[in-house]
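Welcome! Here is a short tour of a protein model, written for someone new to reading structures. Keep the picture open as you go through the points.

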Amino acid sequence: MNINNSDTQDGATQSQPCHEHLIEMSIQDIQQQFDAGQLTSKSLVLKYLDRIAIDDRGEGGLSSVIEINPDAIYIAEALDRERGEKGARGPLHGVPILLKDNIDTGDHMHTSAGSVALADAYAQTDAVVARKLREAGAVILGKANLTEWANFMSDRMSNGYSSRGGQTLNPYGPGQFDVGGSSSGSAAAVAANLVTAAIGTETSGSILNPANMNSLVGIKPTVGLVSRTGIIPIAYSQDTAGPLARSVADAAIVLGAIAGVDEQDAATWKSEGQAHHDYTSFLRQDGLKGARIGVARQYTKNLSEDQLALFEKAIEDMKAQGADVLDSVDIPTAHEELGIDVLVYEFKSALNHYLSQLPPHLPVHSLQDVIKYNLAHAEVALKYGQSMLLKSEETSGSLTEQAYLHSRLRDIQASQTEGIDATLKKDALDAILYPSFYGCALAAKAGYPSVTVPAGYTSEGEPFGITFTSSAFEEPTLLKLAYAYEQATLKRVPPTPAINGGKERKKV
């Protein structure tokens, strides 16, 4: 059923069709309409739900949303009342946000990592990220689909697929273009204007890759800037949550809401004095002027002709904005094969700890239980196998193996001291520039931040982005550069209504 746009109790505008009203609305746009009485949080939630019903859950839909929060409308109503009585808490007051379905919420929604083995799992409390968003006034609209177990289940898993949520599609070319992973649903939903912004998680590329594939801004924060408590893990050394949004400003607002120390998460203790509550203060249109940016040419070899042309254009655009671009900087360890050994060893330890805390009535409380459950329900659970789960289960789970310790130490040395830090220092760079999401693995191993921003589309319409990377807690620098590039080029274009087999969306 379509939602009637006229809702006098909500004070929502009656002048625009439901869907068009939402296209590319920024957080600032939403707050301005809230303040003008043209929109309420409740009416905004209703509009997004209507859009999800048609473009996500309808025939030929994206399947980006795995679950809707049944309390979302009530929460929005309460926030509308609070705004009227006390004013807004901040820029996220009343703004709908989706969470990747590996982030705990202590409410009526499941947290499953996309696995049918956890289809009946409810968290007892909010993850710290979810709690911080609620405290900022955001409306948790629901959970987003993901590549199952954050793409650490099988070495042949399809991006965007989970046994619980099915296959998420890329709104720019459903079934044609890769949706990216593992924060696939978070990215597709934001790109298709089904929600204002979303939270993804990354271990190595799982925010940056779907941001690139869906023409979005993705922030992979410094490991320790954002709490990991209450998030189904892969690896202690690389896991982080971060925002996916349609603009740098929106992503910066969300990052400010979720950043900060968590006493339960030792990785965040180092962020004391490093985290900012307002990252928008670093956004400058002239942010590229005088900036020293090194181009990582090592990562262009897999680009198509169209993608390489877009990358070259991005470089020229930065130069035109006053950036000092050093072409072909050499990252000494870029060609070293570091592998995923650390993730294989850490996954069993981290996941066993998370699963051990689940209620006794659930069928899985260890990685071994998950493997057995999948085998017993193979027709549903093992479309792509579970090779990575089996490989991790072979480890001790105690992180005492010599191979693990040597790999972990080498990862740190190669990615930090001899890699990114050495490159930044040698050429006095503010940031390193990569095409697409390439180069994400080195920054992930270092635990360093990266920001992906749209840079255009190929001749076939496939999105292409660029990624800025720097050293620990240099989010302000990266956001300044990304914002200046974004504002100078304005490359992002919303996807056309190719959803539902090309049928025009209904208007209400």
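This is a predicted model: local features need pLDDT of at least 70, side-chain atom pairs count only at pLDDT 80 or more; totals for chains, interfaces and linings use all residues.

Two strands count as paired if DSSP finds at least two bridges between them. With that in mind, look at strand β2 (residues 96-100) and strand β3 (residues 139-144): five bridges join them, and the two run parallel.

- β2 and β3 belong to an open sheet of 11 strands with mixed pairing, in the order β1-β3-β2-β6-β8-β7-β12-β13-β11-β9-β10.
- At the edges stand β1 (65-68) and β10 (324-326); each has a single partner strand, so one side of each is left without a neighbour in the sheet.
- On average, neighbouring strands of this sheet are turned by 30° against each other, direction ignored.
- Helix α9 (residues 248-258) packs on the sheet, where it touches β2, β6 (197-202), β7 (217-220), β8 (240-245) and β12 (450-457).
- The direction of α9 makes about 150° with that of β8.

- Is strand β13 (residues 463-469) buried or exposed? Seven of its seven residues are buried, so β13 is largely enclosed by the rest of the structure.
- Both faces of β13 are covered: Pro463, Gly465, Thr467 and Thr469 are buried on one side, and Phe464, Ile466 and Phe468 on the other.
- β12 runs antiparallel to β13 and is joined to it by seven bridges; Gly456 has Phe464 of β13 as its bridge partner.
- β12 and β13 form a hairpin with five residues between them, and Gly461 in the turn has a positive phi of about 95°.
- Strand β11 (residues 431-435) is also antiparallel to β13, with four bridges joining the two; here Tyr434 is partnered with Thr467 of β13.

**A buried helix**

- Eight of the eight residues of helix α7 (residues 184-191) are buried, so α7 is largely enclosed by the rest of the structure.
- Among these buried residues are Ser184, Gly185, Ser186 and Val190.
- What do the buried residues of α7 pack against? They pack against β2, β3, β6, α8 (208-213) and β8.
- After α7 comes Asn193, whose phi is positive, near 60°.

**Two helices side by side**

- The axes of helix α3 (residues 41-56) and helix α4 (residues 72-86) come within 7 Å and cross at roughly 155°.
- Angles over 145 degrees count as roughly antiparallel, so that is how α3 lies relative to α4.
- On the α3 side, the contact is made by Ser41, Lys42, Val45, Leu46 and Leu49; on the α4 side, by Ala72, Ile73, Ala76, Glu77 and Asp80.
- The residues of this contact divide into six nonpolar, one polar and three charged.

**Nonpolar cores**

- The largest nonpolar core has 93 residues, and those with the most contacts inside it are Leu92, Leu133, Ile199, Met318, Ile466 and Phe468.
- Which helix gives the most to this core? That is α9, with eight residues.
- Another core, of 32 residues, lies apart from the largest one; Trp149, Met153, Leu362 and Leu382 are among its members.

**A glycine in a loop**

- Gly37 lies in the loop between α2 (27-35) and α3.
- Gly37 is partly exposed, with a relative accessible area of 38%.
- Gly37 and Asp239 are 202 residues apart in sequence and, C-alpha to C-alpha, 40 Å apart in space.

Technical notes:
Residues are numbered from 1 along each chain as its sequence is written. Side-chain values use heavy atoms; hydrogens and water are left out. Axes are lines fitted to C-alpha atoms, for helices over the stretch in contact, and angles run from 0 to 180 degrees between N-to-C directions. Contact means heavy atoms within 4.5 Å. Angles under 35 degrees count as roughly parallel, over 145 as roughly antiparallel, 65 to 115 as roughly perpendicular and the rest as oblique. Ala, Val, Leu, Ile, Met, Phe, Trp, Tyr, Cys and Pro count as nonpolar, Asp, Glu, Lys and Arg as charged, and the others, Gly among them, as polar. A nonpolar core is a set of buried Ala, Val, Leu, Ile, Met, Phe, Trp, Tyr and Cys residues joined through side-chain atoms within 4.5 Å. Buried means under 20% relative accessible area, exposed over 50%, partly exposed in between (1.4 Å probe, protein chains only).
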